[in-house]
Amino acid sequence: MTDDTDFEREPTQLYLISPLEVGGDFPQRLERALDAGDVAAFQFRVKDIDQHEAVRLAEPLQAICAARGVAFIVNDSISLAKRLKADGVHLGQDDDTVEEARKALGMDAQIGVTCHDSRHLAMEAGDAGADYVAFGAYFPTTTKETKHVAGTDLLEWWQAIFEIPCVAIGGITPENCVDLVRKGADFIAVSGAVWNGDEAEAVAAFTKAIAEGMTPA
């Protein structure tokens with residue numbers, strides 16, 4: 001991929017993923033994060049709670065996102081995404097299929113699929129009608145167990161051939177994201193790097209780093 005074609009694409013955007021704990025003052029933290037820079041999407045990711053409690057926690061966060069034009073994506077659960085009328089759902093390889101999500105959520109829903117370090121899984125997701133594919137992990141992460149490590153060659157390959165956006169995920173920080181942007185990540189998905197410190201400072205730092213990555217060397 002040449003530098004000229006590299007920068008004809010749309011600017012890379014930030015995709016925030018929630019911590020597992022989203023109660024307490026988290027709505028205020030989310031507001032601070034979204035107001036600190038350019039964020040395209042927010043993924044609601046909670047584990048081991050029933051759907052009623054998930055809805056209670058999600059609704060104020062969804063309203064915060066809607067007020068700022070940020071897509072609200074539900075992790076794993078098609079049924080929760082449908083109940084919330086969320087903007088979309090993100091599916092892991094052990095979750096339901098893209099076809100099932102599309103049938104339940106409609107043509108306008110944003111459906112993303114975790115593809116780890118696999119070109120085959122990414123092509124399958126694209127063929128099934130996914131709206132984006134996610135590659136990773138790119139760096140060590142404490143958010144979840146790292147079973148797959150992806151290379152930047154995946155981003156270059158995908159960007160050169162496919163129109164569906166790709167997401168880079170896993171241990172990404174403002175200090176290490178520039179190369180991912182330059183190699184073709186349409187979205188940078190982050191969690192711990194934002195929520196484990198000052199969320200506003202982190203989003204501002206990511207916004208600056210992404211802009212640097214989009215500037216031709």
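Me: How many aromatic pairs does a search of the whole structure find?

Reply: Nine. Keep in mind that this is a predicted model.

Me: Why is the pair Y15 and Y132 called edge-to-face?

Reply: The ring centres of Y15 and Y132 lie 5.8 Å apart, with the planes at 80 degrees. Pairing needs centres within 6.5 Å, and edge-to-face needs planes over 60 degrees apart. Both conditions hold, so the pair is edge-to-face.

Me: What makes this pair a tie between parts apart in sequence?

Reply: Y15 belongs to strand β1 (residues 13-17), and Y132 to strand β6 (residues 132-136). The pair therefore ties together parts that are 117 residues apart in sequence.

Me: How do you know whether Y15 and Y132 are buried or exposed?

Reply: Buried means under 20% relative accessible area. Y15 has 3%, so Y15 is buried. Y132 has 7%, so Y132 is buried too.

Me: What kind of pair do W157 and F162 make, and why?

Reply: Edge-to-face. Their ring centres are 5.4 Å apart and their planes stand at 75 degrees, which is over 60.

Me: Why is W157 called buried, and what is F162 called?

Reply: The cut-off for buried is under 20%. W157 has 15% relative accessibility, so W157 counts as buried. F162 has a relative accessible area of 25%, so F162 is partly exposed.

Me: Which residues form one aromatic cluster?

Reply: F26, F42, F44, F72 and W195.

Me: How do you know that the span of helix α10 is close to the expected one?

Reply: Helix α10 (residues 199-214) has 16 residues. From first C-alpha to last, α10 reaches 22 Å, and 22 Å is expected at 1.5 Å a residue.

Me: What covers the buried residues of α10?

Reply: The cover includes β1, α2 (26-34), β2 (39-44), α8 (178-183), β8 (187-190) and α9 (192-195). Among the buried residues of α10 are V203, F206 and I210. At the start of α10, a side-chain oxygen of D198 comes to within 3.0 Å of the backbone nitrogen of A200.

Me: Where does UniProt place the feature "binding site", and why do its residues count as gathered at one spot?

Reply: The unreviewed UniProt entry places the feature at D76 and D95. They span 20 residues in sequence, yet no two of their C-alpha atoms are more than 6.2 Å apart, so they gather at one spot.

Me: What does the side chain of D76 make a polar contact with?

Reply: The side chain of K47, at 2.7 Å. D76 sits in the loop between β3 (71-75) and α4 (78-84).

Me: Which residues does D95 touch, not counting residues up to four places away in sequence?

Reply: D76 and H90. D95 sits in the loop between β4 (88-91) and α5 (98-105). A polar atom of the D95 side chain lies 2.6 Å from the backbone nitrogen of G92.

Me: How do you know that the radius of gyration agrees with a compact globule?

Reply: With 217 residues, a compact globule would have a radius of gyration near 17 Å. The protein has 16 Å, which agrees. Buried residues make up 48% of the 217 residues.

Definitions and conventions. Residues numbered from 1 in each chain as written. Predicted model: local features only at pLDDT ≥ 70, side-chain atom pairs only at ≥ 80, totals over all residues. Heavy atoms only, no water. Phe/Tyr/Trp six-rings, centres within 6.5 Å; stacked < 30°, edge-to-face > 60°. Helix = DSSP H or I, 4+ residues; strand = E, 2+ residues; numbered from the N terminus. Buried < 20%, exposed > 50% of the residue type's maximum accessible area, 1.4 Å probe, protein only. Expected span 1.5 Å × (residues − 1). Contact = heavy atoms within 4.5 Å. Polar contact = N/O pair within 3.5 Å; in protein donor to acceptor, adjacent residues only side chain to side chain. UniProt positions renumbered as here; feature names shortened; annotations may be inferred. Rg over C-alpha atoms; globule rule 2.2 N^0.38 Å.
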